Amino acid sequence: MKISNKDNKNIILLLIVASMGYFVDIYDLILFNIIKKDSLSSLGISVEKYETVLFRWQMAGMMIGGILWGIWGDVKGRVSVLFGSILLYSLANIANAFVTTVEAYKFWRLMAGIGLAGELGAAITLVSELMPTQKRGIGTMVIVTFGALGAVFAFTINENGDLISSWISSLIDKPVENWQTAYIVGGIMGLLLLALRASTFESGLFEEVKDKKDIQKGKFLWLFNKKNRTKYIACITIGLPVWFVIGILIALAHKFFPEIYHLTTGNSIQNKQLVNISTPEMVMWSYVGLSIGDIISGLMSQVLQSRKKAIYFNLAGILIFTWLFLFGPVPTNEDNGFVFGQNYYKIVAVLLGTVTGYWAVFVTNASEQFGTNIRSTVAATVPNFVRGGVLLITGGFEIIAQYFQHHSGIWNDKPYSFAAIIIGAVCLILGWWGTYQVEESFHKELDYYEVMDAKKEN
C-alpha cells in the first residue's frame, strides 16, 4: 500500500493524538492505586474496607465499557470512540476530585472505568487499519510506550502537587488537597486533548463497510460461536501474565517484603524499619520499565517479523524476574541491607515492567485476528477483559495465601510468595497456551470482514 505525504502527516497526527490519549488513559487507570489512601483518609472513609471495593467498581466499568465502546466503534466508527471515551473519563476525573461520600466515589470510578475502556482499542484499531502492514507494529509501539509514562506522571503529580493545589485553591476559594489536584489535572489534560482529536480521520477500511447493509457489524456474541471462541479466549489469556505482575507483584509488594526479609522469624533486623518502598513507587518504577519494554518488544517483533516470538520471549522473562523478586538474593548486612534492598527491588520492578512491555504487541495481535466489521469490538474488549481478570487473579491469590497461613508446611513462612508462584504459574501457562493458539499475524492483510457462516466468508 502506497502512502502519500498527506497520508503520512495524517498518520503522524493520529499517533500523537492516540499516544497522548493513552497517556491520560494510563494516568487515570493507575491514579486510584496511587492516591487511594490519601483520598479515602481525607474523606474519613476506611481505606482497608473500601480500597478494593472502589477498584472493583472501576474494573467493572472497564469491562462494561469495553463491550459498549467496541460495538460502537464497529457500528459508528473508531474516531467517535476516541472522542466519547476521552470526554467521559475526563469529566469523571474532575468529578472524582469533589466527591464526599463512598456512593459518589463508586459512581464516578464506574464512569471513569467505562470511559477508560474505549481509548486504547479505538487507537490500536485505527493504527492497524491505516498504517502499512509492515509498520503497524511500530505505530502501536509508539502509542503504548508514550502512554505508559502516564503512570510516572501520576506519581509525580501526587508527590509534588502542592504548588498546583495552592493555585487551584486560589481560583475556587476552597482548600484543595494533592489527591484532588491529581484528579483535576487528569481531567483537564483529557479535555485539552479533545481539541486535537478534531483533526483525526476515520479508517478507510471502516469507511468501505459502514454503509454496506449486508455486512453485520459489532456482533459481540459472534466471538463466542464455535468458529471464533477458542481464538478469542486465547487473545485474552495472552495478556493475563501482565496483570499478574502489575496486580500482584507490584500493587501488593508490601505483602511480600516481610516474608522476603524474614521479619516474622526472630531475625535480628525484625525491629528495623521495613524496606522503605511504597506501593506508588513500585508502580512508578514498573511503568518506567513497561515503557522501555514496549520499545524492546515492538522492535523485537519487527526484527523477527513475528508477534508470537516476541510474546514468548517476554513470557519467559516474566518467569525469570518473578522468581528473582520472590526468592532472589536478600541483603543481610544490618547497616546497609535495607538501602541495598530498596535499590534491588526498584531494579527488579523496572525489569518486571520491561518484560510486561509486550502489551502493545498483545493488543495489536488481537486486533489482527478478526475482520474489519468486528475488529473494534475485539480490540476494545480483549485488553479490558484482561484488566477485569485482575479481580479473579487477586481474589485467587488472597484465598490461596490465607489457606497457606492456616496450614503448616514449608509454605507457612511465606504464604504470599507461594500463593504468587501458583497464581503466576496459572497465568503463564494460559499465556503460553493463548500464544500457541492464535495465528501469526505480522504479515496479515486486514482488508476482510467476518460473517456468521464460515462458508460465506470472503
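Reader: Why is cysteine 427 called buried?

Author: In this predicted model, cysteine 427 has a relative accessibility of 5%. Buried means under 20%, so cysteine 427 counts as buried.

Reader: And what makes cysteine 235 buried or exposed?

Author: The relative accessible area of cysteine 235 is 1%. The cut-off for buried is under 20%, so cysteine 235 is buried too.

Reader: How many disulfides does the structure hold, and how do you know?

Author: There are zero disulfides. A disulfide would need a pair of cysteine sulfur atoms within 2.5 Å, and the count for this structure is zero.

Reader: Let's turn to glutamine 180. Where is glutamine 180 found, and why is glutamine 180 called buried?

Author: You can find glutamine 180 in helix α7, which covers residues 178-197. Its relative accessible area is 12%. Since buried means under 20%, glutamine 180 is buried.

Reader: What is glutamine 180 in contact with, leaving aside its neighbours within four places in sequence?

Author: Glutamine 180 is in contact with Ala97 and Pro175. Contact means heavy atoms within 4.5 Å.

Reader: How do you know where empty space is left?

Author: Rolling a probe the size of a water molecule over the atoms shows it. Here, the structure holds one cavity of 30 Å³ or more.

Reader: What makes that space a cavity, and how much space lies in the largest cavity?

Author: A cavity is a set of points where the probe fits but cannot get out. About 80 Å³ of space lies in the largest cavity.

Reader: Which residues line the largest cavity, and how do they divide by class?

Author: Among them are Tyr22, Ile26, Trp243, Tyr287 and Arg387. Eleven are nonpolar, none polar and one charged.

Reader: What makes a pocket a pocket, and how much space lies in the largest pocket?

Author: A pocket is an open set of points, whereas from a cavity the probe cannot get out. About 900 Å³ of space lies in the largest pocket. Of the 32 residues lining the largest pocket, Lys36, Glu51, Ala251, Leu252 and His254 are the closest to its centre. By class, its lining has 14 nonpolar, nine polar and nine charged residues.

Notes:
Residues are numbered from 1 along each chain as its sequence is written. This is a predicted model: local features need pLDDT of at least 70, side-chain atom pairs count only at pLDDT 80 or more; totals for chains, interfaces and linings use all residues. Side-chain values use heavy atoms; hydrogens and water are left out. Helices (H or I, at least four residues) and strands (E, at least two) are DSSP runs, numbered from the N terminus. Buried means under 20% relative accessible area, exposed over 50%, partly exposed in between (1.4 Å probe, protein chains only). On a 1 Å grid over the protein atoms alone, a cavity is a set of points where a 1.4 Å probe fits but cannot get out, and a pocket is an open set with protein on both sides within 12 Å along at least five of seven lines; lining residues have an atom within 4 Å of a point. Grid points are joined across faces, edges and corners, and a volume is the space filled by probe spheres set on the points. Ala, Val, Leu, Ile, Met, Phe, Trp, Tyr, Cys and Pro count as nonpolar, Asp, Glu, Lys and Arg as charged, and the others, Gly among them, as polar.
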